[in-house]
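Subject: Structure handover

Hello,

Here is the structure for you to look over. My notes follow below it.

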Amino acid sequence: MTGLNRRVHSKTPFLILCLLVSFIGISACSSESSSSSVSVSEAINSAPTRFDNPIIKYDTSDPTNNVGDIIYTADPAAMVVDGTVYLYTTHDEQYVDGNDYRMYDYRLWISSDMVNWENKGTVLTYSDFDWARGDEKTGNAYAHHVIHRKDETGKSKYYFYATVEGGQRDDAFGFSIGVGVSDSPEGPFEDPRGMPMILLEDTAAYKDHTWRNIDPAVFIDDDGRAYLYWGNQQLWWVELEPDLIHLKGERYTTDAQGNMQNRDTSNVRIHAVETLPNFEEAPYVSKHNGIYYLVYAAGFPESIAYATSSSATGPWEYQGVIMDPLPGTTTIHPAMFDFNGNTYLAYHSAELPGGGSYRRSVCIDRVYFNADGTIKDIVRTVKK
């Protein structure tokens with residue numbers, strides 16, 4: 001029972017009954033004794049089981065309910081800090097009859113109850129990376145991930161891992177993964193490297209398509225070790241240094257401005273995962289009730305599949321598909337996270353007016369587990 005402010009009552013059985021009633025959806029519970037009541041505000045703050053999907057509809061202060069200009073969002077990444085969900089999305093700006101992705105910036109939406117959302121606007125653009133490239137067609141601001149960690153002094157730092165085009169040797173075309181760092185989850189984020197984290201050269205032994213290094217996701221394990229996962233048509237992972245901005249074993253020098261140069265990855269070990277059927281892209285690692293879960297986009301058009309492990313580094317055991325492809329869009333992009341004792345799945349559909357593969361919409365639904373830890377098929381919901 002999440003979100004309820006507990007009070008000590010003389011009639012404990014009645015309190016338990018009220019909690020159960022609020023859980024199944026009745027908005028309030030009361031008795032003749034004021035000392036034995038649960039307030040309306042407490043009851044309605046229980047975990048939602050149905051969502052007004054897509055939850056991001058309008059580019060207004062309240063993106064779910066305050067009608068205004070439609071905004072198309074995709075590729076959700078969720079971070080939970082101090083009772084707040086920070087939902088970061090890409091931003092589809094393709095014309096209604098356009099073809100291919102047209103994406104320039106990353107947006108932030110926050111909530112303290114998973115029902116009401118606040119629009120925090122743009123927190124990063126592709127051009128915040130000096131080495132990134134874009135034009136009128138697209139800024140190539142593809143999928144991303146954001147995590148929080150306190151530094152050695154106890155100060156919170158926020159790390160924004162983003163897929164953008166550029167930064168390759170000899171100015172070649174290709175997608176890279178960069179990282180920005182901020183003291184605030186709302187930014188501004190600054191590039192501490194001055195160059196990408198992951199380049200085409202890092203995965204050239206496995207694949208040759210120029211968009212293979214996309215969709216980063218970072219997971220920090222209980223022992224403090226951090227791992228970066230990414231890939232298209234192949235999943236890779238690498239351990240990060242404790243600073244979260246360098247690959248473990250990466251060597252380099254810096255110029256007068258502090259930008260990295262003379263990068264040497266001969267001591268970096270990049271791992272390729274070969275045990276995930278139909279892996280397409282969008283890996284997302286999380287841990288729930290002692291089990292590690294890897295959700296990902298499978299096949300094309302994409303469904304959401306998942307695998308489990310007893311370790312953040314695998315081996316991963318494939319478990320199956322939990323969401324089939326959705327109408328109108330070839331991609332789906334999952335993010336699974338816990339908030340107030342419940343588990344949720346964010347993903348994108350194409351259900352807003354004018355929507356499609358290049359004009360997508362972020363949704364959220366509850367995740368339910370079987371007794372053995374496997375995930376039940378996701379039941380998609382809309383407002384009653």
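Helices (H or I, at least four residues) and strands (E, at least two) are DSSP runs, numbered from the N terminus. This is a predicted model, so local features need pLDDT of at least 70 and side-chain atom pairs count only at pLDDT 80 or more, while totals for chains, interfaces and linings use all residues. Residues are numbered from 1 along each chain as its sequence is written, and side-chain values use heavy atoms, with hydrogens and water left out.

Trp109

Start with Trp109, in strand S3 (residues 105–111). Is Trp109 buried or exposed? Its relative accessibility is 0%, so Trp109 counts as buried. Buried means under 20% relative accessible area, exposed over 50%, and partly exposed in between (1.4 Å probe, protein chains only).

Contact means heavy atoms within 4.5 Å. Not counting residues up to four places away in sequence, Trp109 touches residues including Ile56, Tyr58, Leu87, Thr89 and Trp117. With Thr89 there is also a side-chain to side-chain polar contact of 3.1 Å. Polar contact here is a pair of N or O atoms within 3.5 Å; within protein, one must be able to donate a hydrogen and the other to accept it, and residues adjacent in sequence count only if both atoms are side-chain atoms. Ser61 is 48 residues from Trp109 in sequence, yet their C-alpha atoms are 9.5 Å apart.

Asp92

Asp92 sits in strand S2 (residues 84–92). Asp92 is buried, at 2% relative accessible area. Its side chain makes a polar contact of 2.8 Å with the side chain of Arg360. Beyond four places in sequence, Asp92 is in contact with Tyr72, Ala74, Arg102, Met103, Tyr358, Arg359 and Arg360.

Nonpolar cores

A nonpolar core is a set of buried Ala, Val, Leu, Ile, Met, Phe, Trp, Tyr and Cys residues joined through side-chain atoms within 4.5 Å. The largest has 37 residues, and Leu87, Met114, Phe337 and Ile364 have the most contacts inside it. A second, separate core has 26 residues, among them Val81, Tyr158, Phe160 and Ile214.

An open sheet

Four strands form an open, antiparallel sheet in the order S8-S9-S10-S13. Strands S8 (217–220) and S13 (271–273) are at the edges with a single partner each, so one side of each has no neighbour in the sheet. Two strands pair if DSSP finds at least two bridges between them. Strand S10 (residues 235–239) and S13 run antiparallel, joined by 3 bridges. Trp236 has Ala272 in S13 as its bridge partner.

Best wishes
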